[in-house]
Amino acid sequence: EFRRVLFRSLTTEFLGLFNIYVYPNIFLQCQFHYFIQNLSRSMSTYLAITTSLDRLIRSEFPIRSRVICTRQNVIKLSLIYLIIFCILFSFWFCPLNTINPDTGLCYNGRSSAYMYFIHNIFLPGRLVIVCIIPVLLMCFANIRMLFNIRNVRRRVQHGNFNNAGFIPRRMTPLDRMLFFMMLIGVSTFTLTQIPFHVYVLLQAKYSTFDIYTNLLIRTVLLSWSGIYFGVGFYLFCIASPQFRQQSLTKIQWIFSCCRPFQNQINASRSR
């Protein structure tokens, strides 16, 4: 749902390049729009991190994970994320976020103190919180998970010792799949998130492009950054046997429901 909100906000921002404004007032266009855009991006990012941490906990504490990795705890953690990010991004409702009368676009340049906060505190802070920390956490969680899985398998295989400990073995198909999932997931997140955050930070400091070129590049990079939240979700789902089984069951159910209608259509045609 947060991904849908993000892409809707990207669509309305892109239409602004052609002087097509969906929102009827300043509050929705320059305040609520940017608040919900940052909120949805941050929530999607940290829910993706939670997925990686969930897999880590299940491999690190297989027994305790039944108590830790529950639906109730996921709901509580999601609410905590929501409250924290709502507080962090509440400044977007500041009246200083308004429309530039000359360009018709949103800006926050009426106060030097507020501009300093946006360029020197908010943008670097968002880069760290929504980009750098997630990359580090996802790398740690996935590498540690693979390490735990390999250690468990080595303990099960008796008689494979040497003076240094366990004899290294080749990766199993499951290990290989998890490794490539980790590599693709982290690489995709890094390649899609870093360009947007770095560009916005540099543009705020050096103002390399004019306002319309900046808006176009920002919209393209923001759309590019949203790719991960689809790719990462499907990578996780494809690697889940339960998800695959439920998907096959659902597809079979859909076809079984459609079969009587198809039989009726065929019968009517034969008449």
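## Salt bridges

Glu-60 and Arg-144 pair through their side chains in a salt bridge, at 3.0 Å from N to O. Glu-60 belongs to helix α2 and Arg-144 to helix α5 (residues 112-156), so this pair ties together parts that lie 84 residues apart in sequence. Both partners fall in the middle class of accessibility. Glu-60 is partly exposed, at 27% relative accessible area. Arg-144 is partly exposed too, at 30%. The model is predicted.

The count of salt bridges comes to two. Asp-54 and Arg-58 form a salt bridge, with their closest N and O atoms 2.9 Å apart. Arg-58 is partly exposed, with a relative accessible area of 43%. As a rule, side chains of opposite charge can pair when their charged atoms come close.

## Helix α2

Helix α2 contains 35 residues. From first C-alpha to last it reaches 49 Å, close to the 51 Å expected at 1.5 Å a residue. The helix is not straight throughout: α2 bends by about 35 degrees at Phe-32.

How many of the 35 residues of α2 are buried? The number is 25, so the helix is largely enclosed by the rest of the structure.

## Arg-218 in helix α7

Arg-218 is located in helix α7 (residues 211-225). Is Arg-218 buried or exposed? Its relative accessibility is 13%, and the cut-off for buried is under 20%, so Arg-218 counts as buried. The side chain of Arg-218 makes a polar contact of 3.2 Å with the side chain of Gln-37.

## Nonpolar surface patch

A nonpolar patch lies on the surface, with about 760 Å² of accessible area together. Its members are Leu-77, Ile-80, Ile-84, Leu-88, Val-128, Ile-129, Ile-132, Ile-133, Leu-136 and Leu-137.

Which helices each supply at least two residues of the patch? They are α4 (71-88) and α5. The largest share, six residues, comes from α5. One of the patch residues is Leu-137, which lies in helix α5. Leu-137 is partly exposed, with a relative accessible area of 32%. Helix α5 also holds Arg-144, the partner of Glu-60 from α2.

Terms used: Residues numbered from 1 in each chain as written. Predicted model: local features only at pLDDT ≥ 70, side-chain atom pairs only at ≥ 80, totals over all residues. Heavy atoms only, no water. Helix = DSSP H or I, 4+ residues; strand = E, 2+ residues; numbered from the N terminus. Buried < 20%, exposed > 50% of the residue type's maximum accessible area, 1.4 Å probe, protein only. Polar contact = N/O pair within 3.5 Å; in protein donor to acceptor, adjacent residues only side chain to side chain. Salt bridge = Lys/Arg side-chain N within 4 Å of Asp/Glu carboxyl O. Expected span 1.5 Å × (residues − 1). Bend = angle between axes of the 7 residues up to and from the residue. Patch = residues over 30% accessible without salt bridge, like charges linked within 9 Å, V, L, I, M, F, W, Y side chains within 5 Å. Areas by Shrake-Rupley, 256 points an atom, 1.4 Å probe, with all protein chains shown as cover.
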